[in-house]
Amino acid sequence: MKIKTIVLISLRGGIDGLNVVIPYKEENYFRLRPSIAVAKNKTIELDNQFALHQSLASIFPLYEAGQLAFIHAVGWPSESHSHFQVWEEIELGVSESDSGVRPATGWIARYLQGLPSGSSALRAVSIGEKPSRALSGLSGAATIKTLADFQLAKVKDEALFCQSLKMFYSKSSLKDFGMQTFDALGYLASLKDESIAIDKLGYPNTEFGHSLHTVEKLIKSGVGLEAACVDFDGWDTHFLQPAIMEAKLSELAEAISTFTTSLGEKMESTLIVAMSEFGRRVQENASQGTDHGQGGLMFVSGAGVEGGRVYTDWPGLGKDDLVGPGDLRATTDVRDVLSEIVQGNKNGQIFPGYSAVKRFGFLQ
Amino acid sequence: MTSRRNFIKAGALAVASFYLTGCNSQFNWMLGHGYIEPLSDQLWAGTQQELKIAHILKRITYGIRPNDINRVIATGDKAITGFIETQLSPSTISDIQVDLLVRRLETLRMNTPDIFEITSKQAISELRKATIVRATYSERQLLELMVEFWSDHFNIYSEKATCGQLKVIDDREVIRPHALGRFRELLWATATSPAMLVYLDGQVSNSQKPNENYARELMELHTLGIDGGYCQQDVMELARALTGWKVENFFWKGRVKFDDRVHDKSEKILLGKKLKVNGNDLEQVVDCLSSHPSTARFISRKLCHRFIGEDISEELLSKASNTFLKTDGDISELLKVIFYSEEFIAARPKFKRPFTYTISALRALGASTDGGKAIQSSLEKMGQLPFNWPTPDGYPEQASRWNSQLLPRWNFAIELAKGRLKATTLDMEAISKLSTLALATGLLHRGIGQEEVEAIDRLRSSDPESSIALLLCLPEFQFS
């Protein structure tokens, strides 16, 4: 299946994978999390090992239809439990522990640079205030908060203004870039008039809901979007985790299910990848929360996903199974998962100093 | 590219300059105090000498202001060398007006630990203000360009930890004093800059667990270059040599100190040479790296790239590197080799990075700016807000990293011309009195096609402000 667009959702703060895809048959899970374990009646069974937090119910149909797969106990090889540092390493695609090359560009940037396509002025976008470091160094990478950011500022006689500008650029050495920009503007102009309230469409009326809605519109416009980086933060649940997680998971699931439904056939060439910088400690802390851990959760949905499965080399939650201060062991390197998505590490160009050790085959 | 165009040349008509009143008080104040050059409707004659001066001014300033070319010509026979030599000695250039303007920004004079009483955001925003104001109005243009160059070369990301505050000090005490000085002193200053120690984790390095981050960048990005002939072992040795340099965290927060207790005192071999045991490791490291032939070549190449372009002859490169080595890394001498080379004079148009594009527009049209929020936000949208590049390689120089992002430039041009940027404004009344031809040639300093002039005129009659935006969007104005 050909992936035209990767939608990377960065769940910032370190999502507690153990309370999302729950190892519901393990006594240790309930023993170590007396006040925050997700009760069985609040879950949906995925297989004979894992169950889904019921707040994600709206994406369960995707799982049933084989379009959504979870990858569990996955992690980035870093001893640092710093959000900042681990994200930096992930986005640049290089681990501090593999000394040697330290690229200045992001892993998605290097992936896209290696592709033959890509002449759109909106080839890749970061949605939000800041460019994603995964896109660092890519020409044709824009940062937009809303589609309005990729519009020509208001001029009285826009037609005449653009006509003149086109004439200037058509005769210059910047011709291609000028025309790409006009093309992109043209694609987006066709979407401008939509004024239905976002919650009517089914998206949560939140920053994340708006972000995914923007990505949906960009993909539908045909502008040639190849990567979109969307942030969803607030997963650093040191306190009162259960209530926070319920709300956030519902928001996540509603946004994704609306996004996939709205894209319809276009989902066949769109791949959603959701990831976090790390998982959380297995044992709960004293304030109904969890601290930074190691093994975490990723999920993929869309183009070519062999879903309806939880892919994992499950390390277990027994005393001897845990690592560090009591973390779920990360048995799969994030880069193994990402390498599969980009169809191989291209001689270490995407993840320098790394060669993939495993391939789950979660993509056709 | 333009040879088949119908060039319009007008005689050099010396017509009096306008001193017109703008509609806002900041503008009047700046005009009255001599910050802003009054616009001139003198037409571009395009003599050989003017062309040459225009070319040089485009490259070693942030853009040509009205009358800049005449001012250089008026200095007589050795106009060009005179200009270059003066720019290379910024202390001989009076810049009182800009000094006064920047003096209002109190954060810039603050030191550690007091500066931590100000938020990182506020500190860096004031430094950005000063950077924009200086680039626009300073007479010491080459100094400002070189400050930008070294700020990229020794990049500090203001969002990391306390770097927002520490960069203010780094700019004042590390980059500015040495921007046209000797490379060794600059390198020493950066190595002992609290901003650098925090940014590249020297701060968290110690003999038990030497952190390689700064060690690697010091060789890869600051001195030898990636192919400069060092290996992973050198990185590890260097990391050990650099241990002990710390930034105070509590009392005297932000001060740099050397803590002998966490310095690795065992033997180190850097680039095949043993460091003297019990010597000052950092002194030896800085000596070694700043005088290394790979460094001479790497810095020369980068400067050639900055001032000439991406294709540099081997001949010029080795001449420049030899000068670097012979003069003990004298940056001004190195620049002379570049500026007096034929390649510099014959250099092809270079795509302006967003910061240069923005400042050149302000200078060409005699804009007033406070360097504040509105223009900073435009720069961020264009992708080059100063001190906002996360990785240690600094904002890239290559055109290919910038030239696909035209829309934010067009939008900046429109917002500026429409008067929608708060505290960055044009004197539209003065501009309206100039002919399109005078405006266009005042921006481009070259001929412009009849068809272009007609297109701009057409828009000018219905929407004069947009026509000024259109001028700033001209493909030719994207190049210096």
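Predicted model: local features only at pLDDT ≥ 70, side-chain atom pairs only at ≥ 80, totals over all residues.
On a 1 Å grid over the protein atoms alone, a cavity is a set of points where a 1.4 Å probe fits but cannot get out, and its lining residues have an atom within 4 Å of a point.

Residues are numbered from 1 along each chain as its sequence is written, chains are lettered from A and ligands numbered from 1 in the order in which they are written, and side-chain values use heavy atoms, with hydrogens and water left out.

**A cavity in chain B**

Select B:Thr131, B:Glu148, B:Ser151, B:Pro386 and B:Phe387, which are the closest to its centre among the 18 residues that line it. Then colour helices α6 (120-137), α7 (141-153) and α8 (163-178) of chain B, each of which supplies at least two residues of the lining of this second largest cavity; helices here are DSSP runs of H or I with at least four residues, strands are runs of E with at least two, and both are numbered from the N terminus. The most is given by α7(B), with five residues. By class, the lining of the second largest cavity has eight nonpolar, five polar and five charged residues, where Ala, Val, Leu, Ile, Met, Phe, Trp, Tyr, Cys and Pro count as nonpolar, Asp, Glu, Lys and Arg as charged, and the others, Gly among them, as polar.

**Salt bridges of chain B**

Over all chains, the search finds 43 salt bridges, each being a side-chain nitrogen of Lys or Arg within 4 Å of a carboxyl oxygen of Asp or Glu. Select B:Asp152 and B:Arg353, which form one of them, with their closest N and O atoms 2.6 Å apart. B:Asp152 lies in helix α7 of chain B and B:Arg353 in the loop between α17 (342-345) and α18 (354-364), so the pair ties together parts that are 201 residues apart in sequence. Both B:Asp152 and B:Arg353 are buried, a term that means under 20% relative accessible area, with exposed meaning over 50% and partly exposed in between (1.4 Å probe, protein chains only).

Next select B:Lys160 and B:Asp201, whose side chains meet in a salt bridge (2.9 Å, N to O). Because B:Lys160 lies in the loop between α7 and α8 of chain B and B:Asp201 in the loop between α10 (194-199) and α11 (213-222), this pair ties together parts 41 residues apart in sequence; both B:Lys160 and B:Asp201 are buried.

While in the loop between α7 and α8 of chain B, select B:Ala161, which has a positive phi of about 40 degrees although it is not a glycine. At 56% relative accessibility, B:Ala161 counts as exposed. Most residues other than glycine have a negative phi, and most peptide bonds are trans. Against that background, select B:Thr112 and B:Pro113, where the peptide bond from the former to the latter is cis, with omega near 0 degrees; B:Pro113 is found in the loop between α5 (96-103) and α6 of chain B.

**Helix α20 and what follows**

Move to helix α20 (residues 407-417) of chain B, where ten of the eleven residues are buried, so that the helix is largely enclosed by the rest of the structure. Among the buried residues are B:Trp410, B:Phe412 and B:Ile414. After α20(B) comes B:Gly419, whose phi is positive, near 70 degrees. B:Lys418 forms a salt bridge with B:Asp463, the closest N and O atoms being 3.0 Å apart. B:Lys418 is buried, with a relative accessible area of 19%, and B:Asp463, at 3% relative accessibility, also counts as buried.

**Across to chain A**

Finally, select A:Val300 in strand β10 (residues 296-302) of chain A, a residue that is buried, with a relative accessible area of 0%. A:Val300 and A:Ala274 are 26 residues apart in sequence and 6.4 Å apart in space, C-alpha to C-alpha. In the loop between β11 (309-311) and β12 (332-333) of chain A, A:Gly324 can be selected; at 73% relative accessibility, A:Gly324 counts as exposed.

How values were computed: 1 Å grid on protein atoms, 1.4 Å probe; cavity = no way out; pocket = protein on both sides within 12 Å on 5 of 7 lines; lining within 4 Å.
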